[in-house]
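Student: I have a model open and would like to learn how to read it. Where do we begin?

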Amino acid sequence: MSQRTYSAKPADIKRDWHIIDLNGKVLGRAASQIATLLKGKHKAMYTPSIDTGDHVIVINAEKVRVTGTKEQDKMYYRHPRAGFPGALKSTNLAKLRARHPEDIIINAVRRMLPRNALGRQMMTKLKVYAGDTHPHAAQKPVAREVEA
C-alpha cells in the first residue's frame, strides 16, 4: 500500500473569504486564529511551503479588548529613519488605538506568521477595518466567529 504525503499544487488551492468581528474579543486569541486562517492550517490540503490560506476581513478593530494593564503598558516600536541617531519611536497601545486601530491587529497577526516571503504573501490576504463597514461585499464573505 502506497503512503505518499499529499503536497498542494497552486492550481488546487481554492480561497474562501471570511469576515471576523472583533467587537469585545481578546487581541491575542483572535490574532492566533486569524493567522491560522491566513496560513491555511484549517484545511486538509495544508502544505507548509505553499500559501494555502484564505482571505480574512477583520471589522471593528478599534473595539478589540486586551487583558490586564496592556492598554498602558504594551509598547510598539518603529524606526522611521533607521540608521540615524534618535530614530527609535515608541508608542503605547492606547495611543496607537486612537491614531491607527488597524495597526494593532496587523502587528499581532504579522508576528504570528513566518518571517519570510511566504509570510508577506499571506499578509496580503488580510484586510483590517476600524469600523463595521468594508468594501468587500462582492466577494460574499462568510461570517466566522473566533473563540476569544
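Predicted model: local features only at pLDDT ≥ 70, side-chain atom pairs only at ≥ 80, totals over all residues.

Student: In what order do the strands of the open sheet lie?

Tutor: The order is β5-β2-β1-β6. The sheet is open, has four strands, and its pairing is parallel.

Student: Which strands stand at the edges?

Tutor: An edge strand has a single partner, so one of its sides has no neighbour in the sheet. Here the edge strands are β5 and β6 (142-143).

Student: Which strands does α1 lie across?

Tutor: Helix α1 lies across β1, β2 and β5. With β2, α1 makes an angle of about 155°.

Student: How should I read a nonpolar core?

Tutor: In soluble globular proteins, nonpolar side chains tend to be buried together. In this model the largest nonpolar core has 28 residues, and Ile105, Val109 and Leu126 touch the most other members. Elements giving two or more residues to this core include α1 (27-39), β2 (55-59) and α4 (101-110). The largest share, seven residues, comes from α1.

Student: Which residues does Leu126 touch, not counting residues up to four places away in sequence?

Tutor: Leu126 touches Ile34, Leu38, Val56, Val58 and Val109.

Student: Now a loop residue. Is Val64 buried or exposed?

Tutor: A residue counts as buried when its relative accessible area is under 20%. Val64 has 4%, so Val64 is buried. Its place is in the loop between β2 and α2 (70-73).

Student: How far apart are Val64 and Leu22 in sequence and in space?

Tutor: They are 42 residues apart in sequence, and 5.5 Å apart in space from C-alpha to C-alpha. Leaving aside neighbours within four places in sequence, the contacts of Val64 include Leu22, Arg97, Ile104 and Ile105.

Student: Which residues is Lys43 in contact with, leaving aside its neighbours within four places in sequence?

Tutor: Lys43 is in contact with Lys14, Arg15, Thr52, Gly53 and Asp54. For Thr52, look at the backbone: its oxygen lies 3.0 Å from a polar atom of the Lys43 side chain.

Terms used: Residues numbered from 1 in each chain as written. Heavy atoms only, no water. Core = buried A, V, L, I, M, F, W, Y, C linked by side-chain atoms within 4.5 Å. Buried < 20%, exposed > 50% of the residue type's maximum accessible area, 1.4 Å probe, protein only. Contact = heavy atoms within 4.5 Å. Polar contact = N/O pair within 3.5 Å; in protein donor to acceptor, adjacent residues only side chain to side chain. Pairing = 2+ DSSP bridges. Axes fitted to C-alpha atoms, helices over the stretch in contact; angles between N-to-C directions.
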